[in-house]
Amino acid sequence: MFTHTFLGTNDVEKSRKFYSAVMETLGHTTAVPLPHGTAFPSEAGSLIVAKPTNGEAHTVSNGYTLGFKAADAAAVDAWHAAGLANGGTCEGAPGVRVNAPGQQYGAYLRDPDGNKICSFAPNPNA
């Protein structure tokens, strides 16, 4: 459905460290350094984390959450741990989300710039 998602950052190196760690846990091991950020390409689309192109400071979008697909609960757990270990903050510990479709297993983080992200996996017990 999407060609790419672009998240802003004010600190390219912090965001590169954070996203390289969390994306690797989901099987996306290719990080392409850009002069103003980092791209994580895949066949299904790309994630780009970079300084805003208008030259202004990045600010967080209220109500926006970027969700990543994980293979299973263990991948969600690894994703959350990698985020915390690389400058992220917890916005919701890993666990079953009873209000999510299929009662999926998920977790939430804020990246070093304050962007809210999550990772969800199917719940085989739902």
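Let me begin with an open sheet of four strands, whose order is β5-β8-β7-β6 and whose pairing is mixed. Please bear in mind throughout that this is a predicted model. At the edges of this sheet lie β5 and β6, the latter spanning residues 89-96, and each of them pairs on one side only. On average, neighbouring strands here are turned by 15 degrees against each other, with direction ignored.

Within this sheet, I would draw your attention to one pair of strands. Strand β7, residues 105-110, and strand β8, residues 116-121, are joined by six bridges in the antiparallel sense. As a point of reference on the display, G106 has F120 in β8 as its bridge partner.

Which strands of this sheet does α1 touch? Helix α1 packs on the sheet with contacts to β5, β7 and β8, and its direction makes about 175 degrees with that of β7. Helix α2, residues 73-85, also packs on this sheet; α2 touches β5, β6, β7 and β8. The direction of α2 makes about 10 degrees with that of β7.

I turn now to the other sheet. Four strands form an open sheet in the order β1-β4-β3-β2, again with mixed pairing. The edge strands are β1 and β2, with β2 covering residues 32-34, and each pairs on one side only. From one strand to the next, the twist averages 20 degrees.

β4 in turn pairs with β3 in the antiparallel sense, over six bridges, and the bridge partner of A39 in β4 is I48.

Next, the salt bridges. How many does the structure hold? There are two salt bridges in the structure. One of them is formed by the side chains of E13 and R16, with an N to O distance of 3.0 Å. Both E13 and R16 belong to helix α1, where they are three residues apart, about one turn of the helix.

I close with the open space in the model. A probe the size of a water molecule, rolled over the atoms, shows where empty space is left. The largest pocket holds about 550 Å³ of space. Which residues are closest to its centre? Of the 20 residues that line this pocket, they are T5, A44, L66, G67 and F68.

The elements giving two or more residues are β1 (4-8), β3 (37-42), β4 (45-50) and β5 (65-69). The largest share, five residues, comes from β5. By class, the lining consists of ten nonpolar, nine polar and one charged residues. To place these contributors in the picture already drawn, β1, β3 and β4 belong to the sheet ordered β1-β4-β3-β2, whereas β5 is an edge strand of the sheet described at the outset.

Methods:
Residues numbered from 1 in each chain as written. Predicted model: local features only at pLDDT ≥ 70, side-chain atom pairs only at ≥ 80, totals over all residues. Heavy atoms only, no water. 1 Å grid on protein atoms, 1.4 Å probe; cavity = no way out; pocket = protein on both sides within 12 Å on 5 of 7 lines; lining within 4 Å. Points joined across faces, edges and corners; volume = space filled by probe spheres on them. Nonpolar A, V, L, I, M, F, W, Y, C, P; charged D, E, K, R; others polar. Pairing = 2+ DSSP bridges. Axes fitted to C-alpha atoms, helices over the stretch in contact; angles between N-to-C directions. Contact = heavy atoms within 4.5 Å. Salt bridge = Lys/Arg side-chain N within 4 Å of Asp/Glu carboxyl O.
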